[in-house]
Amino acid sequence: MRPEPGQVLHFSEDPTITRFVPRASPTSKDPGAFVWAVDAVRAPDYWFPKQCPRAMAWVTPDTSPADRERIIGPGGGDRVHAIEYDWLDEIRNVRLYAYRFDSALFRPIGEPVPRAHVAEEPVEPLGPPEPVGDLLALHAEAGIQLRVLDVLWPYWENITASTLGFNGIRLRNSLGHPAHRPEARPRTLLG
């Protein structure tokens, strides 16, 4: 699920939105009220339930062979997404929708490479929301490795110390996040 040329996407678990109004995000480092959307490159960052913590890494022209081997590893592809076991059932069961927008209503945000697109005025989607479908199948079709780990945070620390491109979303919800140490919520899937 990616936008067509001239479009950006907004992913949501709510299929009833008809008009998007800018709002300030309490977790964003960007001040201001925005409607957030992503382009085709960043769309896979959002093939997850909204609250799911995920660490993502990809090969860039500056990636060293050693970091590629250490973080991406064997198995093919130039990109890896990592989640925790506690989120696997949610990923299998969530109903996620994509809203399409005219990209001319948005501007890129983030330096040196845009991580998203924002609108500062209310916007309406180009049509009804589209069901995103099977999130695991999306990853497979896109050639993105999906790793399932006991605890995400140590992997995230390795990614951020590497020469790969990376993004982390909702990491505060992950086991081992500094705000949660030394206690971690009990395992719910595998005991």
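The buried residues of helix α1 are covered by elements that include β4, β5 (79–84), β10 (145–149) and α4 (153–160). In this predicted model, α1 spans residues 65–72, and D67, I71 and I72 are its buried residues. Viewed down the helix axis, these buried residues fall within an arc of 90 degrees, so they line one face of α1. An α-helix has 3.6 residues a turn, so residues three or four places apart point the same way. The face of α1 turned away from the buried side carries P65, A66 and E69, which are exposed. Just after α1 comes G73, with a positive phi of about 70 degrees.

I72 also belongs to a nonpolar core of 13 residues, whose members include A82, W153 and L164. This core lies apart from the largest one, which has 22 residues. Inside the largest core, the residues with the most contacts are M1, F11, W47, V132 and L135. Two or more residues come to it from each of β1 (7–12), β4, α2 (88–93) and α3.

One of those residues, L135, touches W47, F48, P49, I91, V94 and L96, leaving aside residues up to four places away in sequence. Beyond residues up to four places away in sequence, F48 is in contact with R54, M56, H81, I83, I91, L96, L135, H139 and L146. The C-alpha atom of F48 is separated by 9.9 Å from that of E13, a residue 35 places away along the chain.

Helix α3 (residues 135–142) also contains L138. L138 has a relative accessible area of 9%, and is therefore buried. Not counting residues up to four places away in sequence, L138 touches M1, W47 and V132. Between L138 and M1 there are 137 residues of separation in sequence, but their C-alpha atoms are 7.3 Å apart in space.

Elsewhere in the chain, four strands make an open sheet in the order β2-β3-β8-β7, with antiparallel pairing. At its edges stand β2 (23–24) and β7 (107–109); each has a single partner strand, so one side of each is left without a neighbour in the sheet. Three bridges then join β3 to β8, where A37 is opposite H117. Another three bridges join β7 to β8, with I109 opposite A116. The hairpin of β7 and β8 has six residues between its strands, and in this hairpin G110 takes a positive phi near 115 degrees.

In a regular strand the side chains alternate between the two faces of the sheet. Strand β8 (residues 116–119) is covered on both faces: A116 and V118 are buried on one side, and H117 and A119 are buried on the other.

The chain has a mean pLDDT of 88, and 92% of its residues reach 70 or more. Over residues 181–191, however, the pLDDT is below 50, although this stretch has 20 contacts in the model beyond near neighbours in sequence. Where pLDDT is low, the predicted coordinates should not be read in detail.

Notes: Residues numbered from 1 in each chain as written. Predicted model: local features only at pLDDT ≥ 70, side-chain atom pairs only at ≥ 80, totals over all residues. Heavy atoms only, no water. Contact = heavy atoms within 4.5 Å. Buried < 20%, exposed > 50% of the residue type's maximum accessible area, 1.4 Å probe, protein only. Arc of directions from axis to C-beta. pLDDT = per-residue confidence, 0-100. Pairing = 2+ DSSP bridges. Core = buried A, V, L, I, M, F, W, Y, C linked by side-chain atoms within 4.5 Å.
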